[in-house]
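Here's a quick tour for anyone meeting this structure for the first time. Take a look at the model, then read on.

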Amino acid sequence: MTIDKIPGTDIVWPKPIYRQHELPQDLIKYFLDRKQGLIDDFLRGFSSLEAAANHETRGTATLDRREIGMPIDDTAPFVPTVLDDGSFKFGEEHVSNWLTTGFKNICDNEKEGLVHYRLEPRDSEKAKTFPTAMDITYDLLDHCVMSTYSVIKPNAVLLRHSGPENRNGDYLRIHVPLIVPEGDVFLEANGEEVQFSEGIFGFNNQLLHSSHNYTDKYRLVFIIDLSWDFLKLPHPGKFRPEYHDFAKPFTRKEVYVSGRLSEYYRAISDLYREK
Ligand SMILES: [Fe+2]
């Protein structure tokens, strides 16, 4: 077996994707037992996933961070709509292509000066609306920094980025697919892809990754970040700027990296480069 190293370095690429059979099977069973509950909670009172996702109690345009003073131009380019000819259409109006409803979120990133903490209280209105997600979050509270529902709208892409909240690499991002339309709906991490229809998977969000929905329907997943220790998997180490500099190309679909996005990668890489 050849060891997959970053070109010109002795750094071994971390494994991008852990598929269902590579994760602890008791945990898989735990999530599968709660899958229908997660779906029922999200859809309760609505006639469709589209109606639920667009309701104020469910979907928040996660990349719209204007309320904390972040210009929309910084984040809107990440979520284009895909046109019939396969090209991407960018703009502020597409920022709601990715919607989330979160339960726990700790982001403590000294280099970006970004400290964010939220844990939904047990007795909140949201807790009553989403009892299954709350139970999961509190069951796994000591091993988890983030849990959320995540919606991608039809014909939308969340373009390549890496997770600012996981520069220390302490967590694997687990995806529990809940409602996945038939067709081409997948996640890509450092050039490797996994269809959401394949089942539960985890991916290393220190690496560049993108999420794609090339169907005319909504996609719903539950996401939870769990520690490597808890998963009993080998810790990949801290983020390295080489993960951006030498990222493997994603060849199946053209993933737009230019202009503001390439500036973003360079800025993040430089921040973590050892001086
Ligand atoms: Fe991400």
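Let's start with strand β13 (residues 209-213): five of its five residues are buried, so it is largely enclosed by the rest of the structure. Here "buried" means that 20 or more other C-beta atoms lie within 10 Å of a residue's own, "exposed" means 12 or fewer, and "partly exposed" is in between, with C-beta atoms placed from the backbone. Helices (H or I, at least four residues) and strands (E, at least two) are DSSP runs, numbered from the N terminus.

Keep in mind that this is a predicted model: local features need pLDDT of at least 70, side-chain atom pairs count only at pLDDT 80 or more, and totals for chains, interfaces and linings use all residues. Residues are numbered from 1 along each chain as its sequence is written.

**Around β13**
- Both faces of β13 are covered, with His 209, Ser 211 and Asn 213 buried on one side and Ser 210 and His 212 buried on the other.
- In a regular strand, side chains alternate between the two faces of the sheet.
- Strand β8 (residues 156-161) pairs with β13 in the antiparallel sense over four bridges, and Ala 156 stands opposite Asn 213. Two strands count as paired if DSSP finds at least two bridges between them.
- Strand β10 (residues 185-189) also runs antiparallel to β13, joined to it by five bridges; Phe 186 has His 212 as its bridge partner there.

**The whole chain**
- The protein chain has seven helices and 14 strands.
- Its radius of gyration is 18 Å, close to the 19 Å that the globule rule gives for 275 residues, so the chain is as compact as a globular protein of that length. That radius is taken over C-alpha atoms, and the rule is 2.2 Å times the number of residues to the power 0.38.
- Along its principal axes, the C-alpha trace spans about 55 × 45 × 40 Å.
- Of the 275 residues, 36% count as buried.
- Among contacts between residues at least 6 apart in sequence, 74% join residues at least 24 apart. A contact means that two C-beta atoms, placed from the backbone, lie within 7 Å.

- Leaving aside neighbours within four places in sequence, Leu 220 touches residues including Phe 42, Val 151 and Ile 179.
- In helix α4 (residues 131-139), the buried residues are Ala 133, Met 134, Ile 136 and Thr 137. Seen down the axis of α4, they fall within an arc of 160°, so they line one face of the helix; the arc is that of the directions from the helix axis to the C-beta atoms.

- Strand β7 (residues 144-152) is mostly covered, with eight of its nine residues buried.
- Eight bridges join β7 to the antiparallel strand β14 (residues 219-227), and Cys 144 stands opposite Leu 226.
- Asn 155 lies in the loop between β7 and β8, and its phi is near 45°, a positive value in a residue other than glycine.
- With 18 C-beta neighbours inside 10 Å, Asn 155 counts as partly exposed.
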